[in-house]
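Thank you all for coming; today I would like to walk through one chain slowly, beginning with a single residue and then widening the view.

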Amino acid sequence: MHGLTSRVPAVFLAAATLDSCSQPRTTEEVLFREPVSDLGSVLTKAGVEFDTGTTSDGTGSIKISAVDSTTVRLYEVADIDVEHARLVYRARIRTEGVQGQVYLEMWCRFPERGDFFSRALHAPLTGSTEWTSQETPFFLERGQNPDHIALNIVITGRGTVWVDDIMLVKAPR
């Protein structure tokens, strides 16, 4: 029995090594990235300004002064191939005196099917926070390829919000 016991761990280790070598690496492809160095491409202009003093990466940020609930349309992305993947919308967010919630929102438009959304409601920000990473995923099946993606931030109340280092990545499902 001693011989069998000493072989089991070696066989298990060899199988585990083979299994780990056969697993695909989880890689992400950046489809869109905006470190925020100006407001040139930002879609919503009302209540939005460029802030060089408050930034997570040193290039500046989008500052939103909300006096009521609002959805700020940040960027739109089109002409990408993302079928059968996980789209992830990420950004760094900072808040000050927010009465309500702040979260990312991504809309995906599919030809002949319409618009569908994903929201980071699992981790909304409220009150005053330091720079926090937030993300929201959208899972695409085979044959699902959006022709238009909208990247927004939602504020359900009032307060000041900064957004920086915005990106859209394609990740394995």
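Predicted model: local features only at pLDDT ≥ 70, side-chain atom pairs only at ≥ 80, totals over all residues.

Let us begin with Glu105, which is found in strand 5, where helices (H or I, at least four residues) and strands (E, at least two) are DSSP runs numbered from the N terminus. Residues are numbered from 1 along each chain as its sequence is written, and side-chain values use heavy atoms, with hydrogens and water left out.

Is Glu105 buried or exposed? Its relative accessibility is 4%, so Glu105 counts as buried; the word buried means under 20% relative accessible area, exposed means over 50%, and partly exposed is in between, using a 1.4 Å probe and protein chains only. Leaving aside neighbours within four places in sequence, Glu105 is in contact with several residues, among them Thr71, Tyr89, Leu151 and Val154, where contact means heavy atoms within 4.5 Å. The side chain of Glu105 also makes a polar contact of 3.1 Å with the side chain of Trp107. By polar contact I mean a pair of N or O atoms within 3.5 Å; within protein, one must be able to donate a hydrogen and the other to accept it, and residues adjacent in sequence count only if both atoms are side-chain atoms.

Now to the partners of strand 5. Six bridges join strand 5 to strand 6, residues 114-119, and the two run antiparallel; two strands pair if DSSP finds at least two bridges between them. The bridge partner of Glu105 in strand 6 is Arg119. In the hairpin of these two strands, which has three residues between them, Glu112 takes a positive phi near 65°.

Strand 5 also pairs with strand 9, again in the antiparallel sense, over 11 bridges, and there Arg86 has Ala171 as its bridge partner. Strand 9 is joined by five bridges to strand 3, running antiparallel, with Ile64 opposite Val161, and five bridges join strand 9 to strand 1, residues 29-34, which also runs antiparallel to it. Why do I call strand 9 largely enclosed by the rest of the structure? The reason is that 12 of its 14 residues are buried.

Not counting residues up to four places away in sequence, Leu74 touches Val42, Ile62, Tyr89 and Ile153, among others. In soluble globular proteins, nonpolar side chains tend to be buried together.

For contrast, consider Asp57, in the loop between strand 2 (48-51) and strand 3, which is partly exposed, with a relative accessible area of 33%. Asp57 and Asp165 are 108 residues apart in sequence, and their C-alpha atoms are 7.2 Å apart in space.

Finally, the whole chain: one helix and nine strands, with buried residues making up 39% of the 173 residues.
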